[in-house]
Amino acid sequence: MTGADKKHWRRRRPMPRWLATSIGVIVLAVYWPLTKLLAKRWPRLVGRTMTKFLSQFPKSFEPSERDVLVCSYFKSGTNWTMQIALQIAHRGRAEFDHIHDLVPWPDMVERARYAVPLDDDGPARSAPTGLRVIKTHLALDALPYSPAGHYICVVRDPKDVFVSGYHFTRAMVMGALMPPVDAWLEAYLSPDAPMGSWARHLASGWNLRGRGNVLFLTYENMRADLGSVVDEIAAFMGVELTAAERASVIERSSFGYMKKIEHKFEAPGAPWAKAKGSMMRRGESGASAELITPEQQRRIDDYWRAELARIGCDFPYDAAFNAPAREASRSSRPR
């Protein structure tokens, strides 16, 4: 990319609503019969397609000391962690029309013109710290590794991941083509999980957490104490914030603040995608019962706990995601 190209990079404008609606009608007419004909295979096919579509990270890229990669599994606090890291890089004063004007997302094909390209030095030059934040949903072991780069790995209770991912995928991607909850769960608990294996993603960060340039976080701990997480990420990035800067980072990284500017985080969606409210729905932990039954919650726990054991990862699943407490609470209910 030439200097002129970098200077004039612009996000692709969304197509006119009338055109999007027309295309949506055609797509639904074509694919609706397939969802019925391939009812058992459809969820896994969608999962494989989503994984393949967002697996474009260039292997030739070598992170430098200015790069902070947010490596978060799908629907695990990606935008939240990006906002924290970006505000730290800008000392609590990051302003943008859309976060991906400042944050590259190499997983997304560049021709989509959704995120500033990796080889555009604008984001680093605009930050007073000289740091830039890069987003990826890929597991750490699927990324180019450099001792100079900074890697923030974020994981979330897989039950909440499933629920958040189901609502998001239905609203932004599948619409009326979305499989039923039980069928989507079968795909999630299989090698065809949308965005790949949750267990592999967790293990790739957990196993390297002892390296000085890898920070491993859980969504649940982030929610428990935002101020401490801001301090931890700032120290990891090598940024010393003033009291005023720290307060600004915390304020701009709160759910309430980010919800008010949700349009600045929205992803491109299908022609029928909801215009608002799909990216930051509730931001809660432990609320998976809104969509899935206790039996389905147990299935998710059992499957991913077993997968972690199978790949030799000693992450303390139950302690992190409160499975014993939930089981005890369930057993104490009147029958």
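## Confidence

The chain has a mean pLDDT of 87, and 87% of its residues reach 70 or more. Over residues 1–6 the pLDDT falls below 50, and this stretch has seven contacts beyond near neighbours in sequence. Residues 325–335 likewise stay under 50, with nine contacts beyond four places in sequence. Where pLDDT is low, the predicted coordinates should not be read in detail.

## Sheet and flanking helices

An open sheet is built from four strands in the order S2-S1-S3-S4, with parallel pairing. Strand S2 (132–136) and strand S4 (214–218) are the edge strands, each pairing on one side only. From one strand to the next, the twist averages 20°. Five bridges join strand S1 (residues 67–72) to S2 in the parallel sense, and Cys-71 stands opposite Thr-136 in S2.

Two helices lie across strands of this sheet. Helix H4 (residues 78–89) lies across S1, S2 and strand S3 (150–155), and runs at about 170° to S2. Helix H8 (residues 198–206) lies across S1, S3 and S4, at about 135° to S4.

## Second largest pocket

By class, the lining of the second largest pocket holds seven nonpolar, eight polar and four charged residues.

## Cavities

Two cavities of 30 Å³ or more are found in the whole structure. The largest cavity has a volume of about 70 Å³. Its lining consists of Tyr-73, Phe-74, Val-161, Phe-162, Gly-165, Tyr-166, Trp-184, Tyr-188 and Pro-194. Eight residues of the lining of the largest cavity are nonpolar, one is polar and none is charged.

The second largest cavity holds about 30 Å³. It is lined by Leu-86, Ala-89, His-90, Leu-102, Pro-123, Ser-126, Ala-127, Leu-131, Arg-132 and Val-133. H4, helix H5 (122–126) and S2 each contribute at least two residues to this lining. H4 and S2 also belong to the arrangement described above, in which H4 lies across S2. The lining of the second largest cavity divides into seven nonpolar, two polar and one charged residue.

How values were computed. Residues are numbered from 1 along each chain as its sequence is written. This is a predicted model: local features need pLDDT of at least 70, side-chain atom pairs count only at pLDDT 80 or more; totals for chains, interfaces and linings use all residues. Side-chain values use heavy atoms; hydrogens and water are left out. Two strands pair if DSSP finds at least two bridges between them. Axes are lines fitted to C-alpha atoms, for helices over the stretch in contact, and angles run from 0 to 180 degrees between N-to-C directions. Contact means heavy atoms within 4.5 Å. pLDDT is the predictor's confidence in each residue, from 0 to 100. Ala, Val, Leu, Ile, Met, Phe, Trp, Tyr, Cys and Pro count as nonpolar, Asp, Glu, Lys and Arg as charged, and the others, Gly among them, as polar. On a 1 Å grid over the protein atoms alone, a cavity is a set of points where a 1.4 Å probe fits but cannot get out, and a pocket is an open set with protein on both sides within 12 Å along at least five of seven lines; lining residues have an atom within 4 Å of a point. Grid points are joined across faces, edges and corners, and a volume is the space filled by probe spheres set on the points.
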